[in-house]
Amino acid sequence: MRNVSRPSIRQGLQRFPRQARSLLPTPVHRLDFLCRPGGPQVWCKRDDLTGFGFGGNKTRKLDFLIAEALARGCDTLIAIGANQSNFCRVAAAYGTASGMQVHLVLGGKKPRTPTGNLRLDHLLGVTCHHVASRDWDDWAATAIAVEARLHDQGRNVYRLPVGGSTPTGALGYVEALAEILDDQKRLGVEFDAILLASSSAGTQAGLVVGQAMSGWRGRIVGMTVAKPGQQQAADVCRLATETGRLLDVSVTKRRIIVDDSQLGPGYAVRTPQCIEAVHRFAREGGIFLDYVYTGKAAAGLLDALNRRRFRKTDNVLFLHTGGNLELFE
Ligand SMILES: Cc1ncc(COP(=O)(O)O)c(C=O)c1O
């Protein structure tokens, strides 16, 4: 692992085109309701407030992905996800606001009344192609067919994978690690751990690469919400390695920490611990989480605090990655 000084993260990112619709930097504040005198201090970085298109972690990824699409001369965007995809909602907003034609390939039966994210997709006026299947391969096959049709119509298409988790998308979270280092400086604290929800792996992979570039010494703990721990760790490792290659950085496997203790029966299946975390954050902190991603990550945080897994002197950063439009489904 290369240990270089902090500014090299931003220097390394300089040669990548980037749009800047995210309202950055996002705030960091203490979660008083989780801090006990003489115990670990718990902080929250509010990436639910990245702002554009209702925010969340996807805005940071799309800052780089949309810039790459425009640099390649693309005029049409295809994004893939479930009916309630946070990523598709931000991609739709970002693409249309950047003058692109946007097509969403949405998995799951077309609901009679659109709610949550899907309602915003409709408001944005993008074309939704519904695939009545839960199988990601079916969604991908439809996206390929839609792309072929658009090519025949003379469109120049940029197709995004589920979650925008390509090495280019992950650059958004390489940059976020630089921002977290700035947060430390501003607040006069050193974080010992960052805890976040991990699914298509781009967020965690980007942070891990930022860590490799900066030599930041804390732990990045991905709470997996979709796949078993080993599989998720392998996905994060693969994407971090590919992202590192773009920046000439190598990533060590031991930096990749995935915890599957809050996964429960599977993706988007609510667990009692997740429900409790969503309630506590809302009622004691005034912070809205969701039941698919951040609720499970917060359940992992509460569990670790209960079990005294952190040292008394630790500063723990919970990364709120957004997704709370799910509450309006
Ligand atoms: C709200 C929210 N948090 C966390 C994640 C996980 O991020 P990643 O897919 O980059 O692992 C997602 C992904 O869809 C998300 O929507």
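1. Among the elements around the ligand, helix 7 gives the most to the shell, with three residues; helices (H or I, at least four residues) and strands (E, at least two) are DSSP runs, numbered from the N terminus. This is a predicted model, in which local features need pLDDT of at least 70 and side-chain atom pairs count only at pLDDT 80 or more, while totals for chains, interfaces and linings use all residues. Residues are numbered from 1 along each chain as its sequence is written.

2. There are 19 residues around the ligand, and Ser200, Thr203, Tyr293, Thr321 and Gly323 come nearest, where a residue is near a molecule if its C-beta atom, placed from the backbone, lies within 6 Å of it. Two or more residues of the shell are given by each of helix 3 (86–97), strand 7 (193–198) and helix 7 (202–214).

3. By class, the shell holds four nonpolar, 15 polar and no charged residues; here Ala, Val, Leu, Ile, Met, Phe, Trp, Tyr, Cys and Pro count as nonpolar, Asp, Glu, Lys and Arg as charged, and the others, Gly among them, as polar.

4. Domain 1 (7–57 + 166–328) and domain 2 (58–163) each supply at least three residues to this shell, with the bounds coming from an automatic or database domain assignment. The centres of the two domains, taken over C-alpha atoms, are 25 Å apart.

5. Where the domains meet, 31 residues of domain 1 are in contact with 24 residues of domain 2, contact meaning that the C-beta atoms of two residues, placed from the backbone, lie within 7 Å. On the domain 1 side, helix 6 (residues 167–187) provides the largest share, seven residues, and the residues of that side divide into ten nonpolar, 17 polar and four charged.
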